[in-house]
Amino acid sequence: MSVFPRILLSGETPRPNFILIYCDNLGYGDIEPFGSTVHRTPRLNEMAAEGRRFTDFNVTAGVCTPSRASILTGCYSQRVGMHHNSRDGIVLRPVSPYGLNPDEETVAEVLKQSGYTTGCIGKWHLGDQPKFLPTRQGFDYFYGIPYSDDMTEAVGKRIGDRFNGNQWPPLPLMINDEVVDAPVDRDMLTVDYTEKTISFIEEHQDEPFFLYLPQAMPGSTSTPFASPRFKGKSKNGPWGDSVEELDWSTGEILDKLKELNLDERTLVIFTSDNGAPLATDVESPSRGSNKPFHGRGYTTAEGAFRVPTIMWWPGKIAADSRCDTLTSTLDVLPTFAAMAGIDYEPTQKIDGKEISSIILSDQHVEDRESPHSAYYYYSAEQLQAVRSGPWKLFLPLQNPGRHPHFKKNEGSEPLLFNVKEDIGSTENVAASHPEIVAKLTQLAEEARADLGDTGTRGTGQRTIGQVVNPKPQIKQ
């Protein structure tokens, strides 16, 4: 019997299309539907007016490789070994011997096995060796770059032996398993990905499809890229230029779906892989905004894990609606499977929950209990925080790694925040709620046993993929 209920959808087809737009380092406060006053995002405003804003949608890591592993597998990255490795650290680097283990089941594989055409257009960052590329992980088609836009040949030469930087090739643009251009013109990535997405939709309009669009922007450089049409046009320098171009890109995709009468057959999700890194002056929007939440991307702060999310499906998702329930990128795989009517039995344990009833509710989803009774915040191998309901507990740590609240050699006291009422994580109420601290501490112990912690391997952890003698991706 299926773990997830079979859903019968009315309309032209019981098998919807799925488009998953996954921006890189876009902060919660970077777009107008979530409060930006510096960036113009009229198309995302329209998307929100026609769909649902998710105000408590979370990723599983403050950095890109583990976050991307989670959205595709429905697992915490600690479970699938993609949270850290001795060669690369917290994210994969070019010419790494590591990548997402092909034994892991991705949402693309689940849908493809049920007759969906699957495509990945954009930034992959789950391994650049052939056995780890999208075409070996359930995607029929891949067009894009295999890792971050800042991992260039010039950067590699600058860092030298660190991360084997001397082996890094010119930033490659790939079609399936082949490099077709290097170095790629980063200014044109958003335009290029948008055009390829439009072509993919047109080509597969008569069959169910899943398109994963991990946009490269705003990206990891201090000065993001944009095409001439957008460069220098925003009020917020290169960061704003790239955000406003992402807005344009999303509008082009929605327009094409409407033109082809695919809008009522297609669920589109717009979200980000983690919060913005922020400028040295956190009040400056020049490297993004995570307001109203606390903290930078690349950490376990609310501003790193809670990301701007809009879901759009005319006729299925209530227009101009909002969901305040804790949901996650972990939930994509089981939810897409259920919506596609697949009797899905995971081949291995996953952490995601089926949330179609939350997505398709005909009204605001404000007070519904989250399907996640516990949610975990890891920084690489270190468990730093746990959340249940509105309560988020930062655990006392003797040697905290990168941390949003503790400095080196700090962290001996628990920090408890009600992240629903105290959205800026400003008031530590641990002393007045010892019973909640005790409950969340116990949940942390359960996570350590299953997913591990610094110096401790959990019983539920699986092995990262690995090859010998990795080769750079270069144009032949």
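Me: Quick one to start: is Lys420 buried, partly exposed or exposed?

Reply: Lys420 is partly exposed, because its relative accessible area is 37%. Keep in mind that this is a predicted model.

Me: Which residue does Lys420 form a salt bridge with?

Reply: Its partner is Asp56, and the closest N and O atoms of the two are 2.9 Å apart. The pair links distant parts of the chain: Lys420 sits in the loop between β17 and α11, while Asp56 sits in the loop between β2 and β3, 364 residues apart.

Me: And Asp56, buried or exposed?

Reply: Asp56 has a relative accessible area of 0%, so it counts as buried.

Me: What about Arg387, how does that one connect to Asp56?

Reply: Through a salt bridge too, with the closest N and O atoms 2.7 Å apart. Arg387 lies in strand β15 and Asp56 in the loop between β2 (52-54) and β3 (57-58), so this pair ties together parts that are 331 residues apart in sequence. Both Arg387 and Asp56 are buried.

Me: Which residues are linked in that network of salt bridges?

Reply: The network links Asp56, Glu302, Arg306, Arg387, Lys392 and Lys420.

Me: How many salt bridges does the count come to?

Reply: It comes to 27 salt bridges. One to look at is Glu50 with Lys258, whose side chains meet at 3.1 Å, N to O. Glu50 is in helix α1 (residues 42-50) and Lys258 is in helix α7 (residues 237-259), so the pair ties together parts 208 residues apart in sequence.

Me: Switching topic to strands. What order do the four strands of the open sheet come in?

Reply: The order is β14-β15-β16-β17, with antiparallel pairing.

Me: Why is one side of β14 and of β17 left without a neighbour?

Reply: Because β14 (375-379) and β17 (415-418) stand at the edges of the sheet, each with a single partner strand. From one strand to the next, the twist averages 20 degrees.

Me: How many bridges join β14 to β15?

Reply: Five bridges join β14 to β15 (residues 382-388), and the two strands run antiparallel. Tyr378 stands opposite Leu383 in β15.

Me: Which helix packs on the sheet?

Reply: That's α11 (residues 434-451), which touches β14, β15, β16 (391-394) and β17. The direction of α11 makes about 130 degrees with that of β15.

How values were computed:
Residues are numbered from 1 along each chain as its sequence is written. This is a predicted model: local features need pLDDT of at least 70, side-chain atom pairs count only at pLDDT 80 or more; totals for chains, interfaces and linings use all residues. Side-chain values use heavy atoms; hydrogens and water are left out. Two strands pair if DSSP finds at least two bridges between them. Axes are lines fitted to C-alpha atoms, for helices over the stretch in contact, and angles run from 0 to 180 degrees between N-to-C directions. Contact means heavy atoms within 4.5 Å. A salt bridge is a side-chain nitrogen of Lys or Arg within 4 Å of a carboxyl oxygen of Asp or Glu. Buried means under 20% relative accessible area, exposed over 50%, partly exposed in between (1.4 Å probe, protein chains only).
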